[in-house]
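Subject: Structure handover

Hello,

Here is the structure you asked about. Please open it alongside this message and follow along.

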Amino acid sequence: MHITDIMQGDSPTFSFEFFPPKTPEAAETLYQTIRELEAYMPHFVSVTYGAGGSTRDLTHDLVERIQTTTKLDPIPHLTCVCHKHDEIDAILRRYAKTCIGNILALGGDPPHGCVYDKSADVFQRAIDLVKFIRKFNESGAHPDRRGFGIGVAGFPEGHPATPNRLVEMDHLKAKVDAGADYIVTQLFFDNRDFLDFRERCVLAGIHVPIIAGIMPITSMSGFKRIAELAGGARFPAKLLRALQRCENNREMVSRVGVHFALEQCHDLLDNDVAGIHFYTLNRSDATRTIFDSLGIPRRRDTQVPIA
Ligand SMILES: Cc1cc2nc3c(=O)[nH]c(=O)nc-3n(C[C@H](O)[C@H](O)[C@H](O)COP(=O)(O)OP(=O)(O)OC[C@H]3O[C@@H](n4cnc5c(N)ncnc54)[C@H](O)[C@@H]3O)c2cc1C
């Protein structure tokens, strides 16, 4: 379903993010997670895109599997890294054929373990992908006459590559003006950063829905990985204090992390957030606990198992 239709429904939206599994065991965990989360009927789920190599095919396969065997509405991520025009065109055609409604267009993380020269990329920035997808949309190759809905990333705490926050907002505005229909944010732990970002977007003339990215901390190792992966993520002292109190007790750490994310979600709902996007790390427990405690009725009572 086109994102415009999704967002016009009963706001706010709830969505879950998965990454393609690399081993049979990881795949089993993910499919179990999908089965458990499908019952919540999220407005959409999204699937990340690897920085290169074979994991990219895993993204396409997972997206198509979700699309054809579940009632979930998958949104694939797509990145600029190492892609040529004809490759992106082929991917878009493949997704259009399977009636995928939306794409999250991203700059992309650099690939690990190989020499990578960004300056050689045909698509230099996410905005180039947005423009390409828009052109594809105008060609009429998608079964929906509007073509793909297009999402882009936003960074409430700022993106490390653009320290000038005014200039960064210009870049975000340019992506939206080029055709983006919605923004999904990087994870954050202080809602004031999100709410201020949202206000700054309005001041900059950005009026598309902004979906808040939330990642519950469930372990100390996961917490340290977030600090590594989401470079620049700010951890409020309140959260750090609570984690320090129980850092040697796995279960307590998870409870503290989930409770913190739950409070963030309540506050976001009180502040009329357009949507909440859960970074699930392919596990369902934390997301389900939060969802169940938000008092949100399930959209539809469905328990369709994956074929
Ligand atoms: C919701 C979300 C999902 C993500 N999913 C994935 C994923 O699946 N796979 C993956 O590899 N990565 C993913 N990422 C990470 C993302 O690709 C990186 O953080 C990347 O560095 C930024 O992506 P972007 O789309 O904002 O890039 P861009 O919009 O290209 O911006 C990158 C940087 O370039 C700057 N910039 C933009 N335009 C200009 C210009 N004209 N001149 C100079 N500077 C400019 C921006 O301000 C920013 O600092 C995700 C991030 C988020 C928030």
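Predicted model: local features only at pLDDT ≥ 70, side-chain atom pairs only at ≥ 80, totals over all residues.

Residues are numbered from 1 along each chain as its sequence is written.

Barrel

8 strands close into a barrel in the order β1-β2-β3-β4-β5-β6-β7-β8, with parallel pairing. The twist from one strand to the next averages 30°. Strands (E, at least two residues) and helices (H or I, at least four) are DSSP runs numbered from the N terminus. Two strands pair if DSSP finds at least two bridges between them. Strand β3 (residues 74-79) and strand β4 (residues 102-106) pair in the parallel sense over 3 bridges. H77 stands opposite L104 in β4, and the bridge partner of T79 in β4 is L106.

Helix α5 (residues 126-138) packs on the sheet and touches β3, β4 and β5 (149-154). Touching, or contact, requires C-beta atoms, placed from the backbone, within 7 Å. The direction of α5 makes about 150° with that of β4; axes are lines fitted to C-alpha atoms, for helices over the stretch in contact, and angles run from 0 to 180 degrees between N-to-C directions.

In a regular strand the side chains alternate between the two faces of the sheet. In β4, N102, L104 and L106 on one side and I103 and A105 on the other are all buried. Buried means 20 or more other C-beta atoms within 10 Å of the residue's own, these atoms being placed from the backbone.

Core

The largest nonpolar core has 70 residues, of which A105, L129, V130, I133 and I214 touch the most other members. Such a core is a set of buried Ala, Val, Leu, Ile, Met, Phe, Trp, Tyr and Cys residues joined through C-beta atoms within 7 Å. α5 gives the most to this core, with 7 residues.

Regards

Methods: Contact = placed C-beta atoms within 7 Å. Buried ≥ 20, exposed ≤ 12 C-beta atoms within 10 Å, placed from the backbone.
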